[in-house]
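Reader: I have a chain open in the viewer and would like to talk through it with you. Could you bring it up on your side as well?

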Amino acid sequence: MQDQAAPEATAAAAPLADRVGDLELLANNLWILIAAALVFVMHLGFAALESGLTQAKNTTNILFKNTAIVAIGLLTYAFVGFNLMYPGAWSVEGWLAAISTDLFWIDDSLDDFDASYNPAYSYWSDFIFQAMFAATAATIVSGAVAERIRLGPFLVFSAVYVAVVYPLCGSWKWGGGWLEDRGFHDFAGSTLVHSVGGWGALAGAIMLGPRLGKYLRRNDGTAVTRPIMGHSMPFAAVGVFLLWFGWFGFNGGSVLSADPATVSFVFVTTTLAAAAGAIAAMATSWIVQSKPDLTMMLNGVLAGLVGITAGADTVSVSSAVLIGAIAGAIVVLSVVAFERLKIDDPVGAISVHLVCGIWGTLAVGIFSTDPDHSFVEQLIGVVSIGALCVPASFALFAALRYTVGIRVSREEELRGLDIGEHGMEAYAGFQFFTSS
């Protein structure tokens, strides 16, 4: 009896093993697609946050830019960015060879699950997840240059930045490049996404100069910083909650599988860092400004999220709370510092994404539970990405500034970009009266 049952059990076990493998593949692939959808929702969060923190007369312009960036980012990443970022076996010679042979357009031949590409998920799932990340880098720039940049030049900058600069940076780590070889760790992009966008935001804000009326001088020559208030705190709050929600896909999807232990751990470190960032920013703004500032607390949430993004998979839960809290304090002090430097950033994008992105990347070298993660290598990664992005960003903005111009006219800025750039209003039909 036993001798006869053994072959039957073996025959039944083989298809069961295949079935388990298929289910794992389907689970991994489905999670990557869900994560891509969550990252897509983040673009709505950026649109709501940026429009809420800017003036009503520029709302249509903000929404237009955030919609266009997604479309431009997806198409340019499909056309050139994906193949630039993942050239195969990375070396300078191999990367240049990949550019010359496989640069343009994604590979239509890999239309199914292909173990030769990746045994965990499909080629198309990989592409769409990575493409959602690519568009985010240009979205970060949008907020810092809001309310005074011309639409056309901004879209040109976004297209070039997403098509070339972002994927080149990404290839150094995620594409198997030299930063990967050195042991640099950036789990989901504190540096490779957020600081890449943050460097572009800093260059744009400097090249444009501040908004009209932001920095004034009294008759005695002393400088005055005039707050230019956002028109909708509800919009801003909704935007931050959408971003927080989408970050579960941003970080959770970066596990690149549906592994239950790792995904759930990343969810916990991500959301606790965000919560700690909110509380720390609230406390810091209360101390610095004498009153608790809602915009600072909202940016504290984002600061905590950006800060934990580099090490969400490799730091302890308690370390994640500390990283988020430090990021929340840093973002408040950074916003104040940029104000004093007269670098006008309407939404605090530079402080959130650049400054806290740098902090989060360096924090891996301090708090990681993996002894192979070195602070020196993390610093090398931060500096090298900055060394590429800073000149590239300034060169792009300078080329646009001295050819077609990047700033709207004084009259257009005062009237609002909704009318000047689009000939329409976000709140048509509303009139404001003053009492006689």
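Author: What follows is a conversation about this predicted model, beginning with the chain as a whole and then turning to single residues.

Reader: What is the mean pLDDT of the chain, and how many of its residues reach 70 or more?

Author: The mean pLDDT is 88, and 86% of the residues reach 70 or more. Over residues 1-14, however, the pLDDT is below 50, and beyond near neighbours in sequence that stretch has zero contacts in the model. Residues 432-436 also stay under 50, with zero contacts beyond four places in sequence. Where pLDDT is low, the predicted coordinates should not be read in detail.

Reader: And how many helices and strands does the chain have?

Author: There are 15 helices and two strands in the chain. Buried residues account for 53% of the 436 residues, and of the contacts between residues at least 6 apart in sequence, 78% join residues at least 24 apart.

Reader: Let's go to glutamate 147. Where is it found, and is it buried or exposed?

Author: Glutamate 147 sits in the loop between α4 (123-144) and α5 (151-173). Its relative accessible area is 1%, which is under the 20% cut-off, so glutamate 147 counts as buried.

Reader: Which side chains make a polar contact with the side chain of glutamate 147?

Author: One of them is the side chain of glutamine 55, at 2.9 Å, and another is that of arginine 211, at 2.4 Å. Leaving aside residues up to four places away in sequence, glutamate 147 touches Thr54, Gln55, Asn58, Arg211, Ile228, Pro346, Glu413 and Leu417.

Reader: What about serine 51, buried or exposed, and what does it touch?

Author: Serine 51, which lies in helix α1, is buried, with a relative accessible area of 0%. Not counting residues up to four places away in sequence, serine 51 touches Thr59, Ile62, Leu63, His231 and Phe235.

Reader: Changing topic to helix α12: what span should its 19 residues have, and where does α12 bend?

Author: At 1.5 Å a residue, the 19 residues of α12 (residues 349-367) should span 27 Å, and the end C-alpha atoms are 25 Å apart, so the two values agree. There is a bend of about 30° at cysteine 356, a residue that is buried, with 0% relative accessible area.

Reader: With cysteines in mind, how many disulfides does the count come to?

Author: The count comes to zero disulfides. Cysteine 169 is in none, and the nearest cysteine sulfur, that of cysteine 389, is 3.6 Å away, whereas a disulfide would need the sulfur atoms within 2.5 Å. Cysteine 169 has 0% relative accessibility and therefore counts as buried.

Technical notes:
Residues are numbered from 1 along each chain as its sequence is written. This is a predicted model: local features need pLDDT of at least 70, side-chain atom pairs count only at pLDDT 80 or more; totals for chains, interfaces and linings use all residues. Side-chain values use heavy atoms; hydrogens and water are left out. Helices (H or I, at least four residues) and strands (E, at least two) are DSSP runs, numbered from the N terminus. Buried means under 20% relative accessible area, exposed over 50%, partly exposed in between (1.4 Å probe, protein chains only). A polar contact is a pair of N or O atoms within 3.5 Å; within protein, one must be able to donate a hydrogen and the other to accept it, and residues adjacent in sequence count only if both atoms are side-chain atoms. Contact means heavy atoms within 4.5 Å. pLDDT is the predictor's confidence in each residue, from 0 to 100. The expected span of a helix is 1.5 Å times one less than its number of residues. The bend at a residue is the angle between axes fitted to the seven residues ending there and the seven starting there.
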